[in-house]
Every structure is written in C-alpha cells, then in structure tokens.
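Welcome! Could you take a moment to turn the model around on your screen before reading on?

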Amino acid sequence: MPIQPASQPSGTPAIQEDRLPQPAAEPDSAASSGSRSETPAAPDRAAQPARKLHPLVDLHVDRSAFEELERRIERNGPWDDWSLYQMAWEAEEARRVADFHELQCLRLLPGFTPLPHQTETARRVLYEMRGRAILADEVGLGKTIEAGLVLKEYLVRGLVRRALILVPASLVLQWVRELNGKFGIPAVAHKKMYHWEHDIVVASMDTAKREPHRSFLHGSEYDMLIIDEAHKLKNKKTGNYQFVSDLRKKYCLLLTATPVQNDLSELYNLITLLKPGQLGGEGEFAANFVVGRRVAKNEDKLQEALGQVMIRNRRSDGGLEFTKRTVTNVPLRLSPDEQALYDGVTQYVRQHAQAERGDLASMLSLVTLQREVCSSRDAVFLTLINLSKKIPPDSPLHARIWELVELIRSIQANTKAEATMKLVENIGEKVIVFTEYRATQEYLLRYFKEHGLSAVPYRGGMNRGKKDWMMDLFRRRAQVLVATEAGGEGINLQFCHHIVNFDLPWNPMRVEQRIGRVHRLGQTEDVRIFNLCTLGTIEEHILHLLHEKINMFETVIGELDEIVERIEREESLERRLAKMLLESADERELRSRIDGLGDALLQTRNQRQRE
Amino acid sequence: MNAKQVQRFVISYLEATGSSIIEKSPTHVTVKLSPEADRALTNRPYYWSFVDRTGAEPETMTFRWSFVHPSEAELSGPEAARDGQAGAQPQVQPQAGTQPAAGMPMPLLQNGPRVIRDDVYFGSRRLDQIFESVRQFGRCVTMFEEPPKRTGVGPLGSVPYTAWLGVNFKVGYECDMKREELYGWGISLATGVIDEAFLERVRERRLTPKLPPNVHLLPNGLSLRKAMAQLEHALERKLKAADFQWAAEAEERRLDELARLEAYYRPMIDQAEEGEPKEALRARLKQRSEEIDWQYRPRVTMSVMNCGLFHLPGIG
C-alpha cells in the first residue's frame, strides 16, 4: 500500500472520482482495516448531486463518515477510541489551510530554508501564474527547489494528489532523492508499469513517450505536470512535443536553463504547451512580435506577455549572496622536450592546414592537436595514433607522425602535472582539477597515485550510481577530484572551494560551468581558481582572451549564456578561434584578432545591458 | 505543531493504541507498537494477512522516534547534518515502495529486537502516517458522560440523559487555490437544538464508552438522519452568508482563460479542412477547456471528518 501524502483531505476522493478515470481503487479504502467497511456509498452520492451554494459555486457534500456511524449503530459497534476521535480533530486543525495565500509548505520543510528568490518565485507561480509557468532561472539558482516548493504547496493544500515529473533519464534518481530528502514528497522513480499507479512519479521522457506507457499516461489526468529540460520541447513537430501536448494536466511547470527567448518560434511553441494563445494566434504573434527569426519587435509588449508565464532569475539580479572568486594564473615554461614536441606539432599543423583548407572538420582536429600538447603527451599521443589510422598506408605523412611520436617518447616529465602537485600540496584542502582530455585525466590519476595523493575521477560517461560514488569518495576520502566535464546538472560540490584549470576550454560558457559547480549558492568560502598556462603556446592567447579581455573568472558575467549564444549565431567560438589560429601570419596578428573577438563579446554584453 | 506538541500528540497516540513504551526522554521515545498501531504504521500488509490467516502470534516492530526538529539537529555542524541527511535517505525511500523493511539500517538493541530510528516532526512522513491512522480509527464513537456525583439524586433515582449527534465538518473553499475551515457542531436528538461549540463542550466533560449505572436515556424526538440533515442545512446557511468575492475572482479568471483558448483555437478550427483535422482541433480545444475548468471553477466541499453519538445528562 502506498503511503498517502498527508495532504489528501478526506473530502477529495468523492469529488475527484466524478472526473478522474481512476485506474485503481481508491488507495484509502484499501488501507482501511479489513473488518471495517469504509467504502463510501456511491449510490447515495448519485442521488444527491452537488447543489448550489452560490450562483457560481457548487457545494459537494461527503458524509461517508456519517453513513459509517449509521451502519455501526445498526450493528451496535464497533466504536472507535475517544482520544483518537479528539486527536483526529487536532490533526486536521494542525494541517488546516487557514488562508488562500500564505505559503503553507514552508513550515513543513525539515532542515532546509529556501532562498528568498526561490520562495518569491514559488509565490508568483502560485498566486500570479496560477500554477502554470516556465521556470527559466540561470544555472545554479535552484529551479528544482522552486518546482519542489510549488508542488509541496499544492500537495499540502490538497489541490494536487497525482503528479507526473518528466526529466532526462540521467536526472530521474536525483529528482526522486531531492523530492524525498528535501521536501518529504513521496515520489518514486518509474521502473515498472505498476509504478504509474503511484501518486507522484518521476520518469524519463524517453520512457514515458513509448508504448505501453504512452497510452496509459494519455488515459490519465495529472493534477500537476513538471517537465525538466523543457527546451527540448521547442519544436512542435517532434514526438516529444506531441506527446506532452496530449497529456491532461491541471497545473504545469516547464523548467529550462536555456534562454529560449533567443528564438521566437521556439519560445512560442513552449508557451503554447502551457497556455495556448498567451502570445496570440500564430499569425498574430508573427505580425505583432516577429521581425526575423531571432529579432523581436514591440519588445516591451512581448516582455510583458512573457512575464505572465515565465520567471527568469539571474545571478546578476542581486540579493543573492555569492562569495568572492580569486584567480591566480600560473605561468609555466615547457621543458625543452615538451617545447620540441609543441613546435613539431605546430609545424605539422601549419603545413596541413594549408593542404586541408576548406575542410573545417579536419582543420579543427589539427588545432586540437596543438591544444593537447599543452595538456599532456598522453592526450596528443592518442590523437596522433587516430590520425595515422585515417591516412592511407602509403602516405608520406606516416613518417611525419612517427617523428612526432618519437618526440613524445623522449618526454620524461609533465611540467603542468608537477606544478599541480605542488599547488595541491600548498593548498592542503580539497581541490578539483579540470581537464579537457580523458587521456590527461588518466595520466593525472596515475601520476597523483604514484606520488601518494588520493584522487578520484569524474566524467560524463559514468552512470549515475558511479558518479554518486565518486562524489562520495571525494567528499569523504580523496583530496583531489580529476574531472573531465563540468556538466551533469545538479552536481553540487560546495564543500570544496579550490579549482585548478589544468587546461582551458575555449568556450567561456564551459569555463563558467566549471566554476559554477563550486561557486554557487550554498558555498560559504571564497573560491580560489588557478589557471595553468604554458607560455609561448596557444594557451597563452586563450587565457588572455578569457581573463584579461573579458575578465570572466573574477566577476560573474550576467547572462553569459545569452551573450555567447548571440555571438555564436554565425559561427561557434571554437571555430572562430581555430580559424584565427590557422590563418594568422604571426603572433601579433593572432593577438589582435583575438582581441577583436573579446571586444565583440564585450560589445554584445553592453548592448544586452542597454536592452 | 512545534516539537513539544508533536511529542505530546505521538505519546497520546501510542497510549491510545495500547503500544508499550520502552523508554523515553524529553526528546525521544522507544516504543514497541501494539498490533493495531503496527498495522497502521509499518506498511506490512502481507505480514498481517499471514498473521490473520494462520493465527500466528504477531511480532510487532520497535521504533526509536526522535522529536528533535532536523533544523535544530543541524546546529551540530553542517558536515554532520549532511551525513545525517545522506543516512536518512535510505529510510525515506523504501517507505514509498511496497517493501518497507528492505535496505533500512537496523541497529540492534542489546539482546533485544531490532529498533528502527526515525525523526518525527511536523511535516515528516511518520507523523503524516500517524495523522492518517488517527483519521481512520477516530472516526465514529458512542460516548456517555460520567454521571454527576450523587447530586440531588437518591440511590434509587436515575439521571435522565439526552442523546446528541456530534459532527466534525471540514469545509474546503477551492478554486486554483484553497482554504479550509473546521466546524465541531452538535445537535440534540431530543429537541433539535444546535450547539456550534459542541466539540469544545464535550471535550471538557468526562466521557466513557460504557453506559454508566443509574442513568436512563430519554427517547429521541429526531431520527439520526433528520438530525444530520438539519445540521447540514444549518451549516449550509452559514456558508451561504459568507463572502464569495474569492469565487467571483476565480470565475473571472476562468472566463478569461476560456476566452484566450477560444481566440486561439477558433480561427484555426475555421480554417482547418473539414473532417479529421477540424475534429482534432475541436477535441484539443475541448481538452484544454476542461483543464481550465478543472483548475479554476470555484467549488465548496463539506465533508464529515468524524462523528458520534453523545449521551449527556439533562433534558434538551
């Protein structure tokens, strides 16, 4: 028997049965003790339809407890305990929702106090948006918490009994844990068909939309539907979109961290799921608001219409207390062996960039070679081997590649790894080391182990259980976490406040994601960031762009995602940088072109702020 | 309910269900549940159906319930609280499934039964369960007031008692939001007099489930059903006199929303090809409209939480 949420009021079954096609018997009656008949007399209810209390308001009466009294009088008992009788009143009194407006759920949350912007968001969803909203906070501000608050409030008020929560498969267990642990909401992860019978189910979108689940869900009604990563529903021709739009729901929350307002038609589709017609009919919308695909007109009006269905809290809004970030760049000189390899690879890249001109994909992979040399010989080795496999066996290129491999062989030490080791020893506390490359990660783990430093790996490909295990090991045992990816939403590492960027991603968003894992709400210490940078290499230019030009380490750039997205409308940052690198005649030209890109980013930010 | 109130409530529950308290402190209680409480709280329907079928001696479960609110427990340091939370999770999750005991840590009492630890605070799953159990097993009573001590009645005399129907109502005002009120009313089956403070009145009396000696029950002037109908109508009259502004506002929202849907779908329906496309859009509009109705339509529910027959001294 599933445990009923506390909130289910005694009266609701009678009312909901009128409307809800219930797949199972009311769990309430199943829960009652065997000998006592608890089934409300259905024919009676049919004989006494709802009556008018007011021209607008029907009165529904549920007198099943009285009918029970009559039956027991007839049979002369059995009678319940007098103190339990009084306690039933006491319990109802304690749980009573005395007021339409005051948030009830706050007094029911054990050991956790939501942040002001989260409570405020819940309030607005409940009282202004009436339970249908897009929650579009920037990453790390707690959309899940906001959704949990709204759900809890409706549960407490008895307005929601059945809720369906659709999320990416990798987040299912995390949602279940969060709802149970933080909110005391008895959510279950969907695994088997019978799990649908539970009141509150978290399932992956991919499962839910497949048969036989699909038919079951379309035959049900949900008091509340929550969809995480809802930006995946932006295209109305997709199966996901059709599936969701056929679900029957009362309240609905769509969660997304991607700034959907950059593409107007996608935004329109998302809102149509929630509130068809909020932005007018399709034609009207196009006429009133759209100039180009991403260009809006009547921005004020559009924002107003959006404000009625969407909440987007930003880090830059203020009122949110973040600790400081301090940044230290650690300039390093490559050892002669390493430098020889770097020069060899650079030469190789330049020669072949000429040959491959026009073929962007292979140009990009050439640049990758250069970046990898700056990270570790292991990383570049793997790529070289893969490269040689693609080349026809009789090509003279093989000889060139093997020359480079020979250079790799002669390298005995990794300058950066040694520097990292020293850094970690000086810090003496927990440290996360980020690298872009899997091979570097493995090398570092080996290297740390040889030097008696406890380190654990973390990467995107790990399954959820393994990720959790690694997190746990890092928290309790290991001093160092070597991670290849910052993503994997919802990983909170607030207990650590030192980051070493062993190498840097080229996209500022990815850098921000790395830092955001640690520098987030709940972090109590200032966050220290160390950037390892090999002088005279491509790394120096990238660090110059990210650190000196746009100063992204020390300050949180508000709406960075939106800025980058605008810049990337024509071409991705990585590609632009790669092109600059290959096309520049010398270092000076490269520097000035990179500066130009930095200026463009800053300009976009200023423009955005003016808007 | 603060921690003290929760504790008092839980102890009363344990006493009322005849559970045996092994030890307690100001912040916790260790208890071996009675069969009645075990059936209600441990989520073991298969075990109990086994006991019922075979007549085996039931072995009930033992709990150690802490009444310290987790927010206060956290003061012992964030690290400890995090660990505590992580430890508490396996206890929480199995409750949601059908296999309660699986995966729960079960520390052992020395030479005793296994004891399951649990935090009980307002908002916790355990307290909700107890609330639910109280709701089920405190539903219908018949009570008699202890007769006044030999006042004015000779040893052979008998005190006249009147029967009252006491009903506790919960009234829910619902639209997209909700508010509730409770009414503990009673009606005399002799005269039809309604007492709006009936529950408060009987709570102060000394009541017993057994008919006391030297007492005689007066005949009822009103059938139980009639009395109930009168009580309901009286309450309904009271509710009718209330302010319905909330309902008017909800109705306005509902009509607004319906108009928005109509404006969105109507042109699409008009332009759609006859036959299936048109019908599909019509169905979609109907579905969306029903959702709006479900969300906003103002309604009031009046439900009987529990009720009982109360025999009180006096005439009327």
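This is a predicted model: local features need pLDDT of at least 70, side-chain atom pairs count only at pLDDT 80 or more; totals for chains, interfaces and linings use all residues.

Let us begin with chain B, which has 10 helices and 11 strands. Of its 316 residues, 35% count as buried. Among the contacts in chain B with a separation of 6 or more, 70% are between residues 24 or more positions apart.

You can follow one of the pairings in detail: strand β3 (residues 62-66) of chain B runs parallel to β4(B), and five bridges join them. Along this pairing, B:Ser66 stands opposite B:Asp119 in β4(B).

Next, look for two helices of chain B that lie side by side. Two packed helices are described by the angle between their axes and the distance between the axes. Helix α9 (residues 245-271) and helix α10 (residues 276-296) of chain B pack at an angle of about 170°, and their axes are 10 Å apart. An angle over 145 degrees counts as roughly antiparallel, so α9(B) is roughly antiparallel to α10(B). On the α9(B) side, the residues that meet the partner helix include B:Leu258, B:Leu261 and B:Tyr265, while on the α10(B) side they include B:Leu285, B:Ile292 and B:Tyr296. The residues of this contact of α9(B) with α10(B) divide into 10 nonpolar, one polar and eight charged.

B:Asn43 is not a glycine, although it has a positive phi of about 60°. You will find B:Asn43 in the loop between α2 (35-41) and α3 (45-54) of chain B. Is B:Asn43 buried or exposed? B:Asn43 counts as buried, because 22 C-beta neighbours lie inside 10 Å and the cut-off for a buried residue is 20 or more.

Now move to where the two chains touch. The contact takes 87 residues from chain B and 71 residues from chain A. On the side of chain B that touches chain A, 41 residues are nonpolar, 24 are polar and 22 are charged. Strands take part in this meeting of chains: strand β2 (residues 57-62) of chain A pairs in the parallel sense with strand β11 (residues 299-313) of chain B, over five bridges. Here A:Asp62 stands opposite B:Ser303 in β11(B).

Helices from the two chains pack together as well. Helix α5 (residues 82-95) of chain A and helix α6 (residues 125-137) of chain B have their axes 8 Å apart, at an angle of about 135°. That angle makes α5(A) oblique to α6(B). The contact is made by A:Leu84, A:Met87, A:Ala88, A:Ala91 and A:Arg95 of α5(A), together with B:Phe131, B:Val134, B:Arg135 and B:Phe137 of α6(B). By class, this contact has seven nonpolar, no polar and two charged residues. The crossing of α5(A) past α6(B) is left-handed.

Within chain A, turn to strand β11 (residues 431-434), which is covered on both faces. A:Val431 and A:Val433 are buried on one side, and A:Ile432 and A:Phe434 are buried on the other. β11(A) pairs in the parallel sense with strand β13 (residues 480-483) of chain A over four bridges, and A:Val433 stands opposite A:Val482 there. Three bridges also join β11(A) to strand β14 (residues 498-501) of chain A, again running parallel. In β14(A), A:Asn501 is the bridge partner of A:Phe434.

Our last stop is a loop of chain A, between α9 (205-208) and α10 (213-218), where A:Lys209 has its place. A:Lys209 is partly exposed, with 18 other C-beta atoms within 10 Å. Leaving aside neighbours within four places in sequence, A:Lys209 is in contact with A:Arg214, A:Gly239, A:Asn240 and A:Phe243. A:Lys209 and A:Asn240 are 31 residues apart in sequence, and 6.9 Å apart in space from C-alpha to C-alpha. A:Pro212 lies in the loop between α9 and α10 of chain A too, and a cis peptide bond, with omega about 5°, joins A:Glu211 and A:Pro212.

Note on methods. Residues are numbered from 1 along each chain as its sequence is written. Chains are lettered from A and ligands numbered from 1 in the order in which they are written. A residue is buried if 20 or more other C-beta atoms lie within 10 Å of its own, exposed if 12 or fewer, and partly exposed in between; C-beta atoms are placed from the backbone. Two residues are in contact if their C-beta atoms, placed from the backbone, lie within 7 Å. Ala, Val, Leu, Ile, Met, Phe, Trp, Tyr, Cys and Pro count as nonpolar, Asp, Glu, Lys and Arg as charged, and the others, Gly among them, as polar. Two strands pair if DSSP finds at least two bridges between them. Axes are lines fitted to C-alpha atoms, for helices over the stretch in contact, and angles run from 0 to 180 degrees between N-to-C directions. Angles under 35 degrees count as roughly parallel, over 145 as roughly antiparallel, 65 to 115 as roughly perpendicular and the rest as oblique. A crossing is left-handed if the near helix is turned anticlockwise from the far one by less than a right angle, and right-handed if clockwise.
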